[in-house]
Amino acid sequence: MPKDFFPQKPEVKPTIYAYEDTNPQYASLLKVGYTTKSVQERVAAQYPTLRPGEMPYCILLEESAMRNDGTVFTDHDVHRYLRARDVPNPRGEWSQCTVEQVKAATLATQLGELN
């Protein structure tokens with residue numbers, strides 16, 4: 001059997017992440033997202049203007065977006081879980097929650113415990 005009969009899967013790492021923006025107008029809000037790139041690369045891409053000094057964000061969470069059966073879930077699943085638990089979601093992918101709540105939502109989604 002030729003060795004390229006089963007092509008190799010691309011090396012991707014599906015990840016759920018959460019970060020806070022240091023701008024005071026985003027106080028108490030976390031951005032929850034999904035990426036197959038590095039989280040640092042993905043978040044930096046959301047801040048296209050280079051600024052002097054420290055970055056205007058702080059990454060607080062990086063968790064696998066794969067279930068035990070190998071299927072992948074996205075930030076939409078995590079957002080849906082948070083909204084179902086009455087977590088305020090005032091701005092699209094931004095939620096008024098704690099890192100612990102995002103971690104719990106991610107774990108519940110991984111394990112299929114959405115009820």
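In this predicted model, the side chains of Arg80 and Asp77 meet in a salt bridge, with 2.7 Å from N to O. Both residues belong to helix α2, where they stand 3 residues apart, about one turn of the helix. Arg80 is partly exposed at 47% relative accessibility, and Asp77 is likewise partly exposed, with a relative accessible area of 22%.

**Salt bridges**

A search of the whole structure finds 3 salt bridges, which are set out in the table below.

| Lys or Arg | Asp or Glu | Closest N to O distance |
|---|---|---|
| Lys31 | Glu93 | 2.6 Å |
| Lys103 | Glu63 | 3.7 Å |

Glu93 forms its salt bridge with Lys31, the closest N and O atoms being 2.6 Å apart. Because Glu93 lies in the loop between α2 and β4 (94-95) while Lys31 lies in strand β2, this pair ties together parts that are 62 residues apart in sequence. With a relative accessible area of 5%, Lys31 is buried, whereas Glu93 counts as partly exposed at 31% relative accessibility.

In the salt bridge of Lys103 with Glu63, the closest N and O atoms are 3.7 Å apart. Lys103 is placed in helix α3 and Glu63 in strand β3 (residues 57-64), so parts that are 40 residues apart in sequence are tied together by the pair. Lys103 is partly exposed at 44% relative accessibility, and Glu63 is partly exposed at 23%.

**Overall organisation**

The secondary structure of the protein comes to 3 helices and 4 strands, and from the N terminus on these elements run β-β-α-β-α-β-α. Of the contacts with a separation of 6 or more, 63% are between residues 24 or more positions apart. Buried residues make up 31% of the 115 residues, while the protein exposes about 7,800 Å², of which carbon and sulfur atoms supply 53%.

**Nonpolar cores**

Which residues have the most contacts inside the largest nonpolar core? This core has 15 residues, and those with the most contacts inside it are Ile16, Val32, Val78, Leu82, Cys97 and Val102. Strands β1 (15-21) and β2 (30-35), together with helices α2 (75-84) and α3 (99-111), each supply at least two residues of this core. Apart from it lies another core, of 8 residues, among them Tyr19, Val43, Tyr47 and Trp94. Val102, from the largest core, is in contact with Ala18, Leu30, Val32, Leu61, Val78, Leu82 and Cys97, once its neighbours within four places in sequence are left aside.

**Aromatic pairs**

The count comes to 6 aromatic pairs. The rings of Tyr19 and Tyr47 have their centres 6.1 Å apart and their planes at 65 degrees, so this pair is edge-to-face. Because Tyr19 lies in strand β1 and Tyr47 in the loop between α1 (39-45) and β3, the pair ties together parts that are 28 residues apart in sequence. Tyr19 and Tyr47 are both buried.

Tyr47 and Tyr57 also form an aromatic pair, a tilted one with 4.9 Å from centre to centre and 35 degrees between the planes. Here Tyr47 in the loop between α1 and β3 is linked with Tyr57 in strand β3, at a separation of 10 residues, and both of these tyrosines are buried. Ring pairs link Tyr17, Tyr19, Tyr26, Tyr47, Tyr57 and Trp94 into a cluster. A contact of another kind involves Tyr81, over whose face Arg85 lies, at 3.7 Å from the ring centre.

Most residues other than glycine have a negative phi.

Note on methods. Residues are numbered from 1 along each chain as its sequence is written. This is a predicted model: local features need pLDDT of at least 70, side-chain atom pairs count only at pLDDT 80 or more; totals for chains, interfaces and linings use all residues. Side-chain values use heavy atoms; hydrogens and water are left out. A nonpolar core is a set of buried Ala, Val, Leu, Ile, Met, Phe, Trp, Tyr and Cys residues joined through side-chain atoms within 4.5 Å. Buried means under 20% relative accessible area, exposed over 50%, partly exposed in between (1.4 Å probe, protein chains only). Contact means heavy atoms within 4.5 Å. Accessible areas come from the Shrake-Rupley method with a 1.4 Å probe; for residues, only the protein chains shown count as cover. A salt bridge is a side-chain nitrogen of Lys or Arg within 4 Å of a carboxyl oxygen of Asp or Glu. Rings of Phe, Tyr and Trp (its six-membered ring) pair if their centres lie within 6.5 Å; planes under 30 degrees apart count as stacked, over 60 as edge-to-face and the rest as tilted. A charge sits over a ring if NZ of Lys or CZ of Arg is within 6 Å of the ring centre and within 35 degrees of the ring normal.
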